[in-house]
Amino acid sequence: MAKAFFRLQKFLRRTQFLLFFLTAAYLMAGSLLLLQRTHLVIQQGSRGTSANQALLVPDGMAGVGIVDPRTLQNTRPGPRLLVGMDALQEPALDPQHSPRWLMSRNSELRQLRRRWFHRFISDQEPMQTAGFKAMKHTAEHKGTYVGCFSDDSRERTLKGAVFYDLRKMTVSHCQEACAERAYTYAGLAYGAECYCGNKLPATASKPEECNSECKGEKGSICGGVNRLSVYRVEELRAGERRRRNVIYRGCFRAPENLTDTFPASLIQPNLTVEMCSEFCSKKEFPLAVIQGQECYCGYPTGRFSLHDGADRLLCSGMHNTSSNAEGKYCLVYQTPVQDTRCTDRKFLTTKSKVFVALSSFPGAGNTWARHLIEHATGYYTGSYYFDGALYNKGFKGEKDHWRSRRTICVKTHESGKTEIEMFDSAILLIRNPYKSLMAEFNRKYAGHLGYATDRNWKSKEWPDFVNSYASWWASHVLDWLKYGKRLLIIHYEDLKQSLIPKLKEMVEFLNMTVTEDRLLCVENNRDGNFKRSGAKQKDFEPFTQEMKDLINRYILTVDEALRGRNFTGLPREYVPR
C-alpha cells in the first residue's frame, strides 16, 4: 500500500512540474507574439503620412481656405476630395491614398490608442486628485470636529461644493478645499467624498455610525454610508485670512425690483466689495451685487441673466447713487461659493430606449461637453473607457458599464463601422484640428489639467504624433458621417461662444427638457474643474509648414463631407494658417 502511494505521489510531482513548465512556455510565447504585433503597429503609426501622401485636393485649390461645394463642381478636371461617403463618388487614387487606406490606418491607430490609453491611465491615476489643487496634508489644519450627522442625498445640507478622491481623500484635503471657497463646514462621507456648506445638517447620528476610513489617511474617519463626519473649517494659518477668490463679472442694468429678484440683501455704510462678497458667501449665494450702499445676493436668473453687460463707466461712483445713472446699474461679482442649482446628478431610473454616443476626436472637448450635459440634464454620462481621474472628479458614469443604458449618453473616441452602428444616435463634437492635436498632446504628457513642457514639444514625439493623429481627426468625422444613424453636429468653437443656445440643442437632441434657471446655472459653472493650470505659452507655434499643409488638406476633406450631408461646413477659422 505504501509503495503504491509513493508511486502516486511521484507521478503527481512530475505532473505538477510538467504543467508549470507548459504554462510558463505558453505565457512566454504569447508575450513574444504580443510584443511583435505591437512593434509592427507602432512602426506603421510612427511612419505617419508625409505631405505627398496626404489627401488630394482639387487642382488649383491648394492653400485656399474652406471652399464652397458649388465651386468644387465647376473646377477643371482633377483629383476630387476624399469624402468617404457611399453617396459620393470615391476618387480614383493610388491604393495608398484611397479611402480604404485611410480607414484601415484609422483602425490601426485605434488599436494603438487603446493600448496607450489604458497604460497612460494606470500611470497617471495615482498622480491625480479630485478637484483639489496641490494642497498640504498636515494634520494641524484639520479644524474642529463637530460630530457625525445623517446625510440625505436628495436634499443635502452641505451642498455648496462637492469633491471626490477615491485614492487620496483626507480630512485636511476636504477642510482646506472648503476653506478656500469660504465655507464654514466640511463634511466627509464614504471615505472619499467631500461636501462643503455654511449650515450644519439637521439630524445628528451616533458617533460609531461614521466608520469609513479615509482613503488617503489610515486611522482617520471620513464619514460612512449616508453619514457625514463634519468639521468646522479653521483658518489655514494662524493670523492669516483664508484666500477668497472674488471675480468681477461686470456692470449690468439693475432689475426693476432688486428686493424681489435677490433673496438676501444688506445695507451698509461704506460698503466694500469684500464686505458684500463675505456677506453673500455666508448666505451661500454665488453672486454679490452692489448698488450704492446696498448689497444683494442671488443667482443668475431669467430676470437677471448677466448676458447684456453695460459700459463700466455707467457704474462709476457706485457709492454715490445719484451719479450712478439714477440707480439704474449695478456692479456684479462672483463669490467663491458654487452655484448648486445644477450640481445634483443621478443615473437614469429606467434603461434608456435610445443608445446615444457623445463622440469626438481626442482633445476636442468631450470631457467639458460631458460636464455641461450632466449639469444641464441632471443625469450622469457614461464612457466607453474607464478613466479613474475623471471618476474622482465626479463622473460616476465612468465606472458604470458603457452598455448599461443608465446614462444619458456615452463618451467615445471610436470610429469603426461596428463601434458606430451599435449606437442609435450620436452627438458628434468637432474641434479645430490644430487645437485638438495640441490639447491631446498636452493631455498625453501632462494629464487633463497640465501643459506639455518645451522638451516635449521639441522632441521627435511631436512630429510623429501629428503625422499619426492628423489623419485620425479626418477619418473619425468621415466614419461617423458614413455609418452614423442620426447625428447632431456640434462645433466646439460654437459651443464655447454661444453656450446656452448650443446646449439647448444638445439637451433637446437627448429628448430632455430643462429650465432656464438650470441652464444659467450651468453657464455660471461652465468651466467646472477642467481648465488647465499653469502658464500658457504665448505666441507658441509648434506646427511646421509641412504639418500645416497636411492638416489643411484634411480640413478641406472634412468640410466637403459635411456639406455633402447637408450639414454646416467647418468654421472658416479652421484654416487661418
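This is a predicted model: local features need pLDDT of at least 70, side-chain atom pairs count only at pLDDT 80 or more; totals for chains, interfaces and linings use all residues.
Start with the overall count. A search of the whole structure turns up eight disulfides. A disulfide is a covalent bond between the sulfur atoms of two cysteines.

Cys-148 belongs to strand β1, residues 144-150. Cys-210 is in the loop between β4 (193-197) and β5 (213-214). The two cysteines are 62 residues apart, and their bond links distant parts of the chain. The angle about the S-S bond is 90°, and the link is right-handed. Is this pair buried or exposed? Both Cys-148 and Cys-210 are buried.

Next comes the bond between Cys-251 and Cys-315. Their sulfur atoms are 1.9 Å apart. Cys-251 lies in strand β8, which spans residues 247-253. Cys-315 lies in the loop between β12 (309-310) and β13 (329-334). The pair therefore ties together parts that are 64 residues apart in sequence. This link is right-handed, with 80° about the S-S bond. Cys-251 is buried, and Cys-315 is buried too.

Now turn to Cys-280 and Cys-297. Their sulfur atoms are 2.1 Å apart, and they form a disulfide. Cys-280 lies in helix α6 (residues 273-282), while Cys-297 is in strand β11 (residues 294-298). The bond therefore joins a helix to a strand, tying together parts that are 17 residues apart in sequence. Which hand does this disulfide have? The torsion about its S-S bond is about -80°, so the disulfide of Cys-280 and Cys-297 is left-handed. Both of its cysteines, Cys-280 and Cys-297, are buried.

Two further cysteines deserve a look. Cys-315 is itself paired with Cys-251. Cys-330 has 0% relative accessibility, so it counts as buried. The cut-off for that label is under 20% relative accessible area.

The other is Cys-409. Its relative accessible area is 1%, so Cys-409 is buried as well.

Notes: Residues are numbered from 1 along each chain as its sequence is written. Side-chain values use heavy atoms; hydrogens and water are left out. A disulfide is a pair of cysteine sulfur atoms within 2.5 Å. Helices (H or I, at least four residues) and strands (E, at least two) are DSSP runs, numbered from the N terminus. Buried means under 20% relative accessible area, exposed over 50%, partly exposed in between (1.4 Å probe, protein chains only).
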